[in-house]
Amino acid sequence: MSNYLLIGSNSMTNQGFSKPMLAVVAFLALVGCSNGQETGTESVDADKTAKTAEKKVDGADGIEGNVLRIGTEGAYAPFNYTNADGTLGGFDIEIANAICADMQVTCEIMAQDWDGIIPGLKAGKYDAIVAAMSVTPERSQQVAFTDPYFSNALVFLAKKDSSFDPAKVSDINAHSIAAQRSTISSQWLENAYPKADMKLYDTLSNAFLDLGAGRVDAMISDKLPAIEWLSSASGSDYVLKGAEIDINDNFAIAVRPNDDALQAKINASLANIKSNGTYDKINQKYFAVPASATATSAPTSTSADSAAQ
């Protein structure tokens, strides 16, 4: 749901890896890469899914009643979050609304727990998912993805005065590290450093809460949610540690595999909002990077082949 990088129109800078990191990334290239987050693959009633798919095909443009129903998590700031009054906000929400405006349809956006977000789409609860969802081979077997609308990288965070250096395997293994469960972040850490003392949380907010309270030593996260937290009062004593980790992680909008017309219309409107400046305006609103969050070491590029997931 993932959650950030300053990505040009939506890209993060490629970063260098230590040799251990390169080996792991190569491994991930074989197995595939989150809210980049992983979702549950629980099955959905076959008859219900079939009826939903059949109903959707009947619409020439894949939309019923001129309303595009969109599922999001509502707990992955700054991409998507729930305001105090219960309304949804964030980068994903504004991108979804901009796409709907270009398509000249009404956006109906609803929150859904992450683990049930793909099953909810397959069951017909909504027509598309806009939730900082990473494109992975596993997900591509269950849903159809649009063109990417954001590129993601991972970062480590720790206290400003901490000697924690994620370039050292010994430091990774010697510190407790927070991550959101079932995300690209936790998957990468588990594969790269199987001996690490990982502390997994159901939400990113809870992971940040424990980091700020000193209950863990460090944290791994998507870059932009990390920057968002570092800009808050709770994160004022923390900084990014080490180089950004380029995992070739792209966020895209998910639709049901049979919704070719809807997929095409979303792609067309996504291209339109990128070309007319709407996308850049939204991107700048959420992803301007404060100097206080600047990584403590200069990033270096990695090859696309070595970073592929």
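Figure 1. Asp-237 is partly exposed because its relative accessibility is 46%; buried means under 20% relative accessible area, exposed over 50%, and partly exposed in between, with a 1.4 Å probe and protein chains only. This is a predicted model, in which local features need pLDDT of at least 70 and side-chain atom pairs count only at pLDDT 80 or more, while totals for chains, interfaces and linings use all residues. Residues are numbered from 1 along each chain as its sequence is written, and side-chain values use heavy atoms, with hydrogens and water left out. Asp-237 sits in the loop between helix H9 (223-230) and strand S11 (238-255); helices (H or I, at least four residues) and strands (E, at least two) are DSSP runs, numbered from the N terminus. Apart from neighbours within four places in sequence, Asp-237 has contacts with Lys-159 and Lys-160, contact being heavy atoms within 4.5 Å. Gly-212, 25 residues away along the chain, has its C-alpha atom 8.5 Å from that of Asp-237.

**Figure 2. Burial of helix H9.** H9 is largely enclosed by the rest of the structure, because seven of its eight residues are buried. The buried residues are Lys-223, Leu-224, Pro-225, Ala-226, Ile-227, Trp-229 and Leu-230. Their cover includes S2, S7, H8, strand S10 (218-222), S11 and helix H11 (278-287).

**Figure 3. Packing of helix H8 against helix H9.** The axes of H8 (residues 204-212) and H9 come within 12 Å and cross at roughly 50 degrees. Axes are lines fitted to C-alpha atoms, for helices over the stretch in contact, and angles run from 0 to 180 degrees between N-to-C directions. The two helices are therefore oblique to each other; angles under 35 degrees count as roughly parallel, over 145 as roughly antiparallel, 65 to 115 as roughly perpendicular and the rest as oblique. The H8 and H9 crossing is right-handed, that is, the near helix is turned clockwise from the far one by less than a right angle. On the H8 side, Leu-204, Phe-208, Leu-211 and Gly-212 meet Pro-225, Ala-226 and Trp-229 of H9. By class, this contact has six nonpolar residues, one polar and no charged ones; Ala, Val, Leu, Ile, Met, Phe, Trp, Tyr, Cys and Pro count as nonpolar, Asp, Glu, Lys and Arg as charged, and the others, Gly among them, as polar.

**Figure 4. Aromatic pairs at Phe-150.** The whole structure holds 18 aromatic pairs; rings of Phe, Tyr and Trp (its six-membered ring) pair if their centres lie within 6.5 Å, with planes under 30 degrees apart counted as stacked, over 60 as edge-to-face and the rest as tilted. Phe-79 and Phe-150 make an edge-to-face pair, 4.9 Å centre to centre with 85 degrees between the planes. Phe-79 lies in the loop between strand S2 (75-76) and strand S3 (80-82) and Phe-150 in strand S7 (residues 144-159), so the pair ties together parts 71 residues apart in sequence. Phe-79 is buried at a relative accessible area of 0%, and Phe-150 is buried at 0% relative accessibility. Phe-91 and Phe-150 are also edge-to-face, because their ring centres are 5.3 Å apart and their planes at 65 degrees. This pair joins distant parts of the chain, with Phe-91 in helix H3 (residues 91-103) and Phe-150 in S7, 59 residues apart. One aromatic cluster includes Phe-79, Phe-91 and Phe-150 together with Tyr-76, Tyr-149, Phe-251, Tyr-279, Tyr-286 and Phe-287.
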